[in-house]
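Welcome, and thanks for taking a look at this one. Here is a short briefing to read alongside the sequence and the 3D view.

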Amino acid sequence: MSRRRVDVDPRRMERVRPAARPEPPQPPAEPVTASARTVEHGLLAGAPLGAFACDERGVVRTANPAALRMLPDLTVGEVLGGALAVLAQADPTAGEVDLDVPGRAVTARPTALTRGWTGWYLQDVTESRTRLDNLLAERTRSRFLAAASTRLGQSLHPGRTARALVELAAELADSAVVVLPVQRGTVEWFRCDGRDTTGGRLPVTALPELVAAALRGTAAVPDPLLGTELAGEPWTPRDPPAGAVVCTLPGDGHPAGALVLVRDVTAAPWQGPDATLVEEFTERAGVALTAAALYAQRSLAAEVLRRTNHEPRLPRVDGITIAAAFRPAEEGLLIGSDFYDVHTTPDGAVALLIGEVRERDVDAAVTAGQVRQSVRVLRRLDTDPVHTLELLNTMQLEAVPADGGPRFVSLVLGDARALPDGGVRLRLAGGGHLAPLVVRRDGVEVVDIGGGVVGAHLPPRFVDRTVDLAPGEACVLHTDGVVDAQGGVDGAQLFGEQRLAELLRGCHILPAPGIVDRILDHTTRRLDERPHDDMALLVVQAPAVPTPGRRHLYVVRPEDASREEAPGSGRHRQR
């Protein structure tokens, strides 16, 4: 069966397409009934946020219970007034408005309504702002305390620490005063007003009772002060302050001082400083002042020990030049186990002593001082150096504690006397110490005095030597810290006695202080800041030109340096 093709006109088909069905008519919107309004009112009444509406005249038309609780001055049917008047004048398109509500922090956000009305949404932000304020305050406290700890730890000087303390405390009030503990009936104080820092001393009787109580540790912390109690310096240079708070700075067993925070009369009303911040700050300040005071006391004790035990005052004797030096291994401690002593005797001689305790600690420094004082006493009983060493050895053995070992001491002691011809005669005895070196015009001579270490055994064996020095010649006594100075290419080579002797060759043209300086300068350059042992040096010299007793550097004339050795002068002879 044949098929016939039929051409269809699309336009014709478009005309015959059936029409779409119309949408069913929607029922008209039901008007808002009273029940719907009741639902909306219930939603607003139970909402945690406050909401109220005002008409175009600023009259409150409606408000939910939350709004009435947040704003006690809000009344339906009345115009916004008082602290809420700012809302009536606010632009509805503006952002949030902060309201001044006693004891609360409330924000109001406007929204435009129909008929010119304005709606307000209220939120109580008291807790969130309190948390934020506390967080910011804690960060501020942390930054202040961190800065205070750093600055207070930068110095161990009591005065500088107190000055830093009062300058930091001035940030907590209009001005601050730090009063240090009582010393000999007076106190030292420092004051800072945020610009200038001053200081001075004050009789303890002039202190207010509460400040004196804080220094005794019997005051409450903190304790308020009346402005009338703080008239004049150091509390205020002008009018009495409006008030102040006194705090005790805690120390080690007793207060480290007192801190007074002052409020000026011209300042705004003051509720007092942050108690938590003040407490933490005073604890840090007390620790810093205590550490500085303790360091000062120990430094003073070390200085007294160093001055009395290691660097005694050199006597001035006619016809004899004396120079000495001491360099401790612990530079910061200022004391060590090496020692020397020089003093005159009733018969006109000069008593000499140099030695070291065979330990290196504070106890060794104390032992060195005891040995030095013991030798002074024994020399008054017997001027013979050998007998003195024997008695000292017995004393050291008898002084050994039951729970400790003996303290071994090596030393050289003797005396020096000026001779009529301008020379000097030395009588030396040794107890296990390094041999003295005599600087002659023709070289360096070693004086072998031997002897056993003091405190090591009984009976002891000691010998002495007599050495004569011609004008210009010198005797060098030293401890092993000099010859043990390390250096060289690898930094481990000892200086040694041979190098020391070579260094002293030709030093007869130098005065005694110049010889000491030459040895110290050479060992310092050799050490190159490496650790080292204690060093003690004692040089006794017959002046090139007979002069009154000298202890310091003096000028050497060329003709004195070329002066020949006096005839008949002895070298040394064994006893």
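**A helix pair, a buried glutamine and model confidence**

Helix 5 crosses helix 6 in a right-handed sense. Please keep in mind that this is a predicted model.

**Helix 5 and helix 6**
- Helix 5 covers residues 126-152 and helix 6 covers residues 158-169; their axes lie 10 Å apart, and the packing angle is about 165 degrees.
- Angles over 145 degrees count as roughly antiparallel, and the two helices, helix 5 and helix 6, are therefore roughly antiparallel to each other.
- On the helix 5 side, the contact is made by Phe144, Ala148, Arg151 and Leu152.
- Helix 6 contributes Thr161, Ala164, Leu165, Glu167 and Leu168 to this contact.
- Sorted by class, the contact of helix 5 with helix 6 holds six nonpolar residues, one polar residue and two charged residues.

**Gln396**
- Gln396 sits in helix 10, which spans residues 385-398.
- Is Gln396 buried or exposed? Its relative accessibility is 14%, so Gln396 counts as buried, the cut-off for buried being under 20%.
- Setting aside neighbours within four places in sequence, Gln396 is in contact with Thr367, Val371, Arg407, Val409, Val454 and Gly455.

**Confidence**
- The protein chain has a mean pLDDT of 80, and 80% of its residues reach 70 or more.
- Residues 550-575 have pLDDT below 50, and this stretch has 63 contacts in the model beyond near neighbours in sequence.
- Where pLDDT is low, the predicted coordinates should not be read in detail.

Key: Residues numbered from 1 in each chain as written. Predicted model: local features only at pLDDT ≥ 70, side-chain atom pairs only at ≥ 80, totals over all residues. Heavy atoms only, no water. Axes fitted to C-alpha atoms, helices over the stretch in contact; angles between N-to-C directions. Helix = DSSP H or I, 4+ residues; strand = E, 2+ residues; numbered from the N terminus. Parallel < 35°, antiparallel > 145°, perpendicular 65-115°, else oblique. Left-handed = near helix turned anticlockwise from the far one by under 90°. Contact = heavy atoms within 4.5 Å. Nonpolar A, V, L, I, M, F, W, Y, C, P; charged D, E, K, R; others polar. pLDDT = per-residue confidence, 0-100. Buried < 20%, exposed > 50% of the residue type's maximum accessible area, 1.4 Å probe, protein only.
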